Amino acid sequence: MQAIVEEIVREVVKQIEDRENTVLIEASGRHVHLNREAVESLFGEGYQLTKVRDLSQPGQYVCKERVTIAGPKGQFSNVVILGPERGKTQVEVSLTDARMMGTSAPVRESGDIEKSAPVTIMYKDRSIVLKEGLIVAKRHIHMTPEDARKNNVSNGQVVKVKTYTSRPLIFDDVIIRVSDRYSTAMHIDYDEANACGFASENRGKIIL
């Protein structure tokens, strides 16, 4: 009996340790970040986006307003806008989304839109045409400085992550982004989420 109890205790301790050494995984669908010029072009001069709810990353939120994004061969309506406003307008989609739109969007870190794909953003009878701005977000981990120290990683480092999901796999080429403005979480798009059988609250382990 004592041996059984000790084995159970070891297993519980192992599970706790494993969880402490993992990061939360979150899946992100197609969305838009707008700058001030784009907001006014689509919604009118002086318009302010309407905050609906906070996201897991501090200061980031979902807006009530929705837009349509279009490429040469297809479009998606009811696309969410994420606030707050940014310095540059950016549209993030999955590779599958890009193909359905008839375009080839590069895999980039958020904010790196130079020479990315063109895209049209529409709201009712208004539209803006961007010569660049459509990307597929490179999978990444937002991480606090404290968690970066715990995991022995640094800003800009590239790691692998093993997912504890219904279809476990190892994601390569995952970039670490460290800031005291972040909450620690790994972000993947819906293509990647479907590939690993993602469900809410799933976690992953960093492999160096």
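Here are some questions and answers about a predicted model.

Visitor: What is the nearest side chain of opposite charge to Glu92, and how far away is it?
Guide: Glu92 is buried and has no salt bridge. A salt bridge needs a nitrogen of Lys or Arg within 4 Å of a carboxyl oxygen.

Visitor: Then which side chain makes a polar contact with the side chain of Glu92?
Guide: Leaving out residues up to four places away in sequence, Glu92 touches a handful of others, including Gly29, His31, Ser110 and Ile135. The polar contact, at 3.4 Å, is between the side chain of Glu92 and that of His33.

Visitor: Arg30 is in touch with Glu92 too. Which ring does Arg30 lie over?
Guide: Arg30 is among the residues that Glu92 touches. It also lies over the face of an aromatic ring, 3.8 Å from the ring centre, and that ring belongs to Phe76.

Visitor: On to the aromatics. Is the pair of Phe43 and Tyr47 stacked or edge-to-face?
Guide: The structure holds two aromatic pairs, and Phe43 with Tyr47 is one of them, at 5.0 Å centre to centre. Planes under 30 degrees apart count as stacked. With 25° between the planes, Phe43 and Tyr47 are stacked.

Visitor: And why does the pair of Phe43 and Tyr123 count as tilted?
Guide: The ring centres of Phe43 and Tyr123 are 4.5 Å apart. Stacked needs planes under 30 degrees apart and edge-to-face needs over 60, so whatever falls in between is tilted. For Phe43 and Tyr123 the angle is 50°.

Visitor: How many residues apart in sequence are the parts that this pair ties together?
Guide: Phe43 lies in helix H2 (residues 36–43), while Tyr123 is in strand E8 (residues 117–123). The pair therefore ties together parts whose separation in sequence is 80 residues.

Visitor: Phe43, Tyr47 and Tyr123 form one aromatic cluster. Is Phe43 buried or exposed?
Guide: Tyr47 is partly exposed at 27%, and Tyr123 is partly exposed at 25%. Buried means under 20% relative accessible area. Phe43 has 12%, so it is buried.

Visitor: What about Lys88: is Lys88 buried or exposed?
Guide: Lys88 is in the loop between strand E5 (75–83) and E6, and it touches His33, Asn35 and Ile113, residues up to four places away in sequence aside. Exposed means over 50% relative accessible area. At 55%, Lys88 is exposed.

Visitor: The loop between E5 and E6 also holds Pro84. Is the peptide bond from Gly83 to Pro84 cis or trans?
Guide: Most peptide bonds are trans. From Gly83 to Pro84, though, omega is near 5°, and the bond is cis.

Visitor: Which phi does Asn152 have?
Guide: Most residues other than glycine have a negative phi. Asn152, in the loop between helix H4 (145–150) and strand E11 (158–164), is exposed at 59%. Its phi is positive, although it is not a glycine: about 60°.

Visitor: And which phi does Glu201 have?
Guide: Glu201 lies in the loop between helix H5 (190–196) and strand E14 (203–207), and at 53% it counts as exposed. Glu201 is not a glycine, yet its phi is positive, at about 75°.

Technical notes. Residues are numbered from 1 along each chain as its sequence is written. This is a predicted model: local features need pLDDT of at least 70, side-chain atom pairs count only at pLDDT 80 or more; totals for chains, interfaces and linings use all residues. Side-chain values use heavy atoms; hydrogens and water are left out. Buried means under 20% relative accessible area, exposed over 50%, partly exposed in between (1.4 Å probe, protein chains only). Lys and Arg count as positive and Asp and Glu as negative; His and the chain ends are not counted. A polar contact is a pair of N or O atoms within 3.5 Å; within protein, one must be able to donate a hydrogen and the other to accept it, and residues adjacent in sequence count only if both atoms are side-chain atoms. Contact means heavy atoms within 4.5 Å. Rings of Phe, Tyr and Trp (its six-membered ring) pair if their centres lie within 6.5 Å; planes under 30 degrees apart count as stacked, over 60 as edge-to-face and the rest as tilted. Helices (H or I, at least four residues) and strands (E, at least two) are DSSP runs, numbered from the N terminus. A charge sits over a ring if NZ of Lys or CZ of Arg is within 6 Å of the ring centre and within 35 degrees of the ring normal.
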